[in-house]
Amino acid sequence: MNRISSRAPGKIILFGEHAVVYQYPAIAVPVTQVYTEVTIEENIEEGIFLYAPAISIATQYDLLPAENHLVAAINEVKSFSGMSQLPAMKISITSTIPVASGLGSGAAVSVALMRSLFSYLGKEVSDQEISNMAFQVEKIHHGTPSGIDNTVIAFERSVFFIKGQPIEFADIIEPFTIIIADSGIKSPTINTVMDVRKRWQENPVPYNAIFSDIGAIVQDARESLRTGNLENLGILMNTNHSLLQRLDVSCEALDCLVGAALDSGAMGAKLSGGGRGGNMIAIAQPENADRVSASLYRAGAKNTVITTIYPA
Ligand code: PMV
């Protein structure tokens with residue numbers, strides 16, 4: 001029996017969220033400890049059966065609306081392949097990436113689903129093509145996404161990303177340790193992105209200045225990754241977090257986690273992703289990572305992941 005599986009990792013934004021929507025650069029890295037896995041096998045009955053227990057889906061593709069994330073991803077594959085109908089199949093989706101928390105769960109589902117579908121259909125596609133298709137799906141749910149999630153997840157590499165520009169990978173010279181902590185607060189990215197846009201439209205001058213300051217931090221961080229200056233990366237994370245606070249996308253829980261990370265010896269910390277919930281990150285010496293993680297739990301984190309970012 002024909003059976004295909006594909007995985008896509010989570011991701012975390014190191015620097016530059018929100019400003020990246022306005023053409024400033026951002027740096028993001030894949031996080032392989034969490035992932036979405038899609039398995040496709042023959043369906044002895046007619047049609048496409050979708051089974052995604054985590055989001056309470058166990059139904060026929062035909063019965064779901066076109067704006068459903070999974071349906072949109074399948075439709076991208078159909079139109080790319082020029083196929084009006086796909087063969088009968090059963091698609092099972094499992095994920096260890098928490099939803100709406102800044103780890104790229106939506107893009108990971110799209111990427112893993114599309115990869116497994118193309119593979120099941122025996123068609124070759126490039127990472128760039130997968131990324132472009134996943135971007136179309138992101139637009140349904142995120143409004144005006146920058147495209148950073150689909151890019152880092154489809155390429156599975158650290159990226160220095162500028163919206164609409166050809167992909168550049170981030171040059172990392174020395175491994176470093178990141179602790180990711182989930183505030184447990186679900187915060188859909190579309191809400192914070194729309195809110196920031198509204199404020200920017202009402203008051204462009206100060207917001208442009210904040211975006212520009214974030215852009216400068218990202219350039220500096222790129223250089224620090226290139227030279228292995230981890231201490232400076234920590235300082236830049238703290239400054240980036242202050243600027244995100246000024247954009248009003250932090251919240252009490254995230255500020256408390258950032259404080260707890262710094263108090264327990266992290267070199268720097270910031271919220272990551274859309275904000276007002278979701279995840280924060282801290283950079284620490286590897287020998288301090290467990291201490292920082294324990295302190296984050298005490299400060300209310302619902303989960304932490306310690307990950308090493310390797311040279312790429
Ligand atoms: O919440 P996440 O991880 O999907 O990240 C959102 C990042 C933003 O810059 C706020 C939006 C975007 O599309 O880049």
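1. The ligand sits in the largest pocket. For a pocket, a 1 Å grid is laid over the protein atoms alone, and an open set of points where a 1.4 Å probe fits must have protein on both sides within 12 Å along at least five of seven lines. A molecule counts as sitting there if more than half of its atoms lie within 2 Å of the pocket's grid points.

2. A word on the model before you read on. This is a predicted model, in which local features need pLDDT of at least 70 and side-chain atom pairs count only at pLDDT 80 or more, while totals for chains, interfaces and linings use all residues. Residues are numbered from 1 along each chain as its sequence is written, and side-chain values use heavy atoms, with hydrogens and water left out.

3. Who surrounds the ligand? The shell holds 16 residues, the closest being K11, H18, S146, T189 and G274 (a residue is near if one of its heavy atoms lies within 4 Å). At least two shell residues come from each of β1, α4 (148-155) and α5 (189-202); helices (H or I, at least four residues) and strands (E, at least two) are DSSP runs, numbered from the N terminus.

4. Now the polar atoms. A polar side-chain atom of T189 lies 2.7 Å from a ligand oxygen, and one of D149 lies 3.0 Å from a ligand oxygen. From the backbone, a polar atom of G102 is 3.2 Å from an oxygen atom of the ligand. Taken alone the ligand exposes 380 Å², and the protein buries 96% of that (Shrake-Rupley method, 1.4 Å probe).

5. K11 deserves a look. This residue belongs to strand β1 (residues 3-15), and K11 counts as buried because its relative accessible area is 2%, where buried means under 20% with a 1.4 Å probe and protein chains only.

6. Finally, T36, in strand β2 (residues 26-42). Is T36 buried or exposed? T36 is buried, as its relative accessible area is 0%. Its side chain makes a polar contact of 2.9 Å with that of S95. Among the residues T36 touches beyond four places in sequence are S6, R7, A8 and S105.

Note on methods. Buried < 20%, exposed > 50% of the residue type's maximum accessible area, 1.4 Å probe, protein only. Polar contact = N/O pair within 3.5 Å; in protein donor to acceptor, adjacent residues only side chain to side chain. 1 Å grid on protein atoms, 1.4 Å probe; cavity = no way out; pocket = protein on both sides within 12 Å on 5 of 7 lines; lining within 4 Å. Contact = heavy atoms within 4.5 Å.
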